[in-house]
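Please read them with the structure open.

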Amino acid sequence: MDFRNIAIQKPELRALGERLGEGRIRALVFDFYARMSSDLMIGFFFDGKDLSEISNLQTSFVLRAMGITSSYVGRSPANAHSELPPILSGHFDRRLQLLDAALTHGGLSPEEREVWIGFENAFRSAIVQPNA
Ligand code: HEM
């Protein structure tokens, strides 16, 4: 799959949230963070970080985007990464690959995975270092 060309589909994202429900979304994001933090390529970004805190914030961010809750108390993705080493496009693609793996493991169909990956991909330009 070429992750770069996956577009965000907002109504489908809400429908996916409704189908999955909060408990399943929380478990999927948790598995996704476990995969990222132990990954050879992007695991170092999470060294010394409180994984369960970031995973909870990300869950809350996704739940709001899926229309399940109405509030999110964390920073915006554009601001949340400013103190980290530069995030390059290869890191971003790797993250989407690991998301795809976590969602596949969790039993989502290819169409459902594309909806969630399209949502994450929409933040590419806000997070990836310019010209990277
Ligand atoms: C390769 C890409 C990415 C890496 C390596 C990464 C890594 C991280 C790390 C290490 C933190 C903790 C920062 C800290 O505590 O100082 C964090 C926070 C966060 N990230 Fe990412 N991230 C990536 C992409 C994304 C994307 C695409 C989104 C949104 C769709 C996102 C949403 C968040 C949120 C919501 C937080 C918590 C905000 C807060 O601390 O208030 N991240 N990320």
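Predicted model: local features only at pLDDT ≥ 70, side-chain atom pairs only at ≥ 80, totals over all residues.

1. Just after α2, Gly67 has a positive phi of about 80°.

2. Which residues of α2 are buried? They are Ser55, Gln58, Thr59, Ser60, Phe61, Val62 and Leu63. The cover over these buried residues includes α1, α3, α4 and α5 (110-121). As background, residues three or four places apart on an α-helix point the same way, because there are 3.6 residues a turn.

3. Gln58 deserves a separate entry. This residue sits in α2, which runs over residues 51-65. Gln58 counts as buried because its relative accessibility is 12%, and the cut-off for buried is under 20%. Leaving aside residues up to four places away in sequence, Gln58 touches Val29, Tyr33, Arg95 and Glu120.

4. The largest pocket holds about 740 Å³ of space. It is lined by 28 residues, and Tyr33, Ile54, Ala80, His81 and Leu84 are the closest to its centre. The elements giving two or more residues to this lining are α1 (10-37), α2, α3 and α4. The largest share, five residues, comes from α2. By class, the lining of the largest pocket consists of 16 nonpolar, five polar and seven charged residues.

5. What does the protein supply to the iron atom of the ligand? There is a single protein donor, NE2 of His81, at 2.0 Å. His81 belongs to the loop between α3 (77-80) and α4 (89-105). His81 is also among the residues closest to the centre of the largest pocket.

6. Leu84 is in the loop between α3 and α4. Is Leu84 buried or partly exposed? Its relative accessibility is 22%, so Leu84 counts as partly exposed, the range for that class lying between 20% and 50%. Not counting residues up to four places away in sequence, Leu84 touches Phe45 and Lys49.

Methods. Residues numbered from 1 in each chain as written. Heavy atoms only, no water. Donors = N, O, S within 2.8 Å, 3.2 Å for Na, K, Ca; no water. Helix = DSSP H or I, 4+ residues; strand = E, 2+ residues; numbered from the N terminus. Buried < 20%, exposed > 50% of the residue type's maximum accessible area, 1.4 Å probe, protein only. Contact = heavy atoms within 4.5 Å. 1 Å grid on protein atoms, 1.4 Å probe; cavity = no way out; pocket = protein on both sides within 12 Å on 5 of 7 lines; lining within 4 Å. Points joined across faces, edges and corners; volume = space filled by probe spheres on them. Nonpolar A, V, L, I, M, F, W, Y, C, P; charged D, E, K, R; others polar.
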